[in-house]
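Here is a short report for a first look. Keep the sequence and the 3D view side by side.

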Amino acid sequence: MSENEQAAAPAPPPVSPIRAEVDKIRSGVADAIVDVEEHASLGMYWINIRSRALVPVLKLLRDDPALKYDMLADLTCVDRPEQEQRFNMVYNLYSVSRNRRVFLRVRAADGEGVPTASSVYPNADWAEREVYDLFGVRFDGHPDLRRIELPDDWDGHPLRKDYPIIGKRPVLLYNDVKDIL
């Protein structure tokens, strides 16, 4: 091949930074991945997985010696009421030894449960309770799923986009410490 032909040949597409993770999941857990979203300019990558595959995928990412995602750094929820599966559970996994991060996302409809991650990452226990309390997402198999921030008799889940802005009960404001003692 001449130099002109080499210069005219298109460059191969860049290799995805999460290619190893995606390949391992595809080979280890059949039909787990729904799709992969990559925003390389922002350095953000999400692997969207099926709810039923969550626990096997988490175990694979944690236990595989080449990946070692040994820390659940964060677990949160995003509410998209315009979508049929309105809740996007986001799992932020971190590999301490590799200094790598990957985001898993599981979608759930209102009233649909998501498997608990607390058997794989024990620190998911309180994060799942917080999501349950503020969004109303149920975690199937959770050892102690109950409210963690709001009173037990609170009506609704205040971080849902359809929750009333003013709230459902009066808020008592105190101007002086003596008023509450």
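With which side chain does the side chain of Asp 79 make a polar contact?

## Asp 79

The partner is the side chain of Arg 86, at 2.8 Å. A polar contact is a pair of N or O atoms within 3.5 Å; within protein, one must be able to donate a hydrogen and the other to accept it, and residues adjacent in sequence count only if both atoms are side-chain atoms. The backbone nitrogen of Lys 161 lies 2.7 Å from a polar atom of the Asp 79 side chain.

Asp 79 sits in strand 3. Strands (E, at least two residues) and helices (H or I, at least four) are DSSP runs, numbered from the N terminus. Asp 79 is buried, with a relative accessible area of 2%. Buried means under 20% relative accessible area (1.4 Å probe, protein chains only).

## Basis

The model is predicted: local features need pLDDT of at least 70, side-chain atom pairs count only at pLDDT 80 or more, and totals for chains, interfaces and linings use all residues. Residues are numbered from 1 along each chain as its sequence is written, and side-chain values use heavy atoms, leaving out hydrogens and water.

## Helix 4

Helix 4 has twelve residues. Nine of them are buried, so the helix is largely enclosed by the rest of the structure. Among the buried ones are Val 131, Leu 134 and Phe 135. Strand 3 and strand 4 are included in what covers them. Just after helix 4, Gly 136 takes a positive phi of about 85°.

Methods. Buried < 20%, exposed > 50% of the residue type's maximum accessible area, 1.4 Å probe, protein only. Expected span 1.5 Å × (residues − 1). Contact = heavy atoms within 4.5 Å.
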